[in-house]
Amino acid sequence: IIPFKMIEKKEKEKEKPNILKELIGKGSSACVYKIINLINNKIYALKESLSKNVEFLLKNEVKIFKIFNNECPYIVQFYNYKKLADQINLELEYCQYGSLRDLLKKAKKKKLHMNECEISSVIYMVLKGLEFMHKKSLINRDIKCKNILVNKDGIAKLCDFGISQIYKEGEFSRHKAGSPYWMAPELIKRHNYDKSVDIWSLGITCIELAEYEPPYINYEKEQALLKIKTTPPKGLINPNVWSKEFNNFISLCLRVNRFERPTCEELLEHDFITILDKKKINRQLMILQFL
């Protein structure tokens with residue numbers, strides 16, 4: 001784990017010589033490139049803001065990374081921050097296998113499914129990252145496969161914290177933010193919400209891993225939001241092909257009453273997660289096996 005050191009450079013300062021290798025990702029607010037640093041010969045991911053209109057997302061992300069201090073192995077590591085005249089750049093840990101969203105797309109084409117041990121391995125690591133965030137008084141608000149990267153060692157890591165939010169225990173938010181298909185009902189309704197919205201999104205991510213897509217993906221975004229409000233998803237399409245432990249884990253995450261959802265600590269003790277320890281199964285090897 002590398003200690004956090006925030007570096008803000010101005011254009012007039014000498015830049016580290018990097019060779020741009022390839023575009024590896026593009027979202028609504030930023031592009032991500034694979035680069036090589038000629039000084040230390042290491043590979044990084046360079047995240048560049050697409051316009052000044054979305055700079056606030058990357059600025060928020062830098063603030064969140066400062067809180068993380070690179071202390072959690074299940075969160076992508078932050079190395080450098082550069083503010084240019086018309087752009088903000090973040091230099092981040094490069095994760096060789098990319099996002100779970102991309103991996104699921106490839107798996108679907110080959111008609112391959114993640115098994116429960118592989119899903120449990122991923123969810124354990126996501127829970128550890130979320131647990132760390134919640135202890136730091138942060139709500140993620142955008143848990144989904146696209147925002148989970150996998151490095152060369154088979155470690156799943158949370159990334160993309162542009163809409164993550166600092167909160168205080170006992171305080172609530174009403175700001176609507178996140179990705180529609182993964183949003184908790186109370187967030188969609190603009191009711192009071194807290195860190196339990198991340199637990200809902202985690203349950204939807206479990207379904208995404210098992211079935212390639214989240215519920216209501218065939219609906220337009222606004223229609224999907226309405227469906228989640230009126231008929232919240234309860235679990236897997238074919239629960240009989242999955243274990244009772246997996247079904248129960250998802251049902252706990254998808255409790256409509258947010259006060260009934262378990263915490264990260266409680267979910268880490270669930271049989272769906274701990275069964276790998278009982279079987280002495282290496283979680284990283286499980287993920288690498290799927291890859």
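Close-up 1. Aspartate 160 is partly exposed, with a relative accessible area of 29%; here buried means under 20% relative accessible area, exposed over 50% and partly exposed in between (1.4 Å probe, protein chains only). This is a predicted model, in which local features need pLDDT of at least 70, side-chain atom pairs count only at pLDDT 80 or more, and totals for chains, interfaces and linings use all residues. Residues are numbered from 1 along each chain as its sequence is written, and side-chain values use heavy atoms, with hydrogens and water left out. The side chain of aspartate 160 meets that of lysine 47 in a salt bridge (3.5 Å, N to O), a term for a side-chain nitrogen of Lys or Arg within 4 Å of a carboxyl oxygen of Asp or Glu. This pair links distant parts of the chain, 113 residues apart: aspartate 160 sits in the loop between β9 (156–158) and β10 (165–166), and lysine 47 in strand β4. Helices (H or I, at least four residues) and strands (E, at least two) are DSSP runs, numbered from the N terminus. Lysine 47 is buried, at 8% relative accessible area, and a salt-bridge network links Lys47, Glu61 and Asp160.

**Close-up 2. Strand β4 and its neighbours.** Six of the seven residues of β4 (residues 43–49) are buried, so the strand is largely enclosed by the rest of the structure. Strand β3 (residues 30–37) runs antiparallel to β4, joined by seven bridges; strands count as paired if DSSP finds at least two bridges between them. Look for isoleucine 35 opposite tyrosine 44. In the β3 and β4 hairpin, with five residues between the strands, asparagine 41 takes a positive phi near 60°. β4 also pairs with strand β6 (residues 88–93), antiparallel over five bridges, and there alanine 45 has leucine 92 as its bridge partner.

Close-up 3. Lysine 157 and glutamate 93 form a salt bridge, with their closest N and O atoms 3.3 Å apart. Lysine 157 lies in β9 and glutamate 93 in β6, so the pair ties together parts that are 64 residues apart in sequence. Both residues are buried.

**Close-up 4. Two non-glycine residues with positive phi.** Serine 137 has a positive phi of about 60° and belongs to the loop between α3 (116–135) and β7. Serine 137 is partly exposed at 27% relative accessibility. Tyrosine 212, with a positive phi of about 75°, is found in the loop between α5 (196–211) and α6 (221–230). Tyrosine 212 is buried, at 9% relative accessible area.
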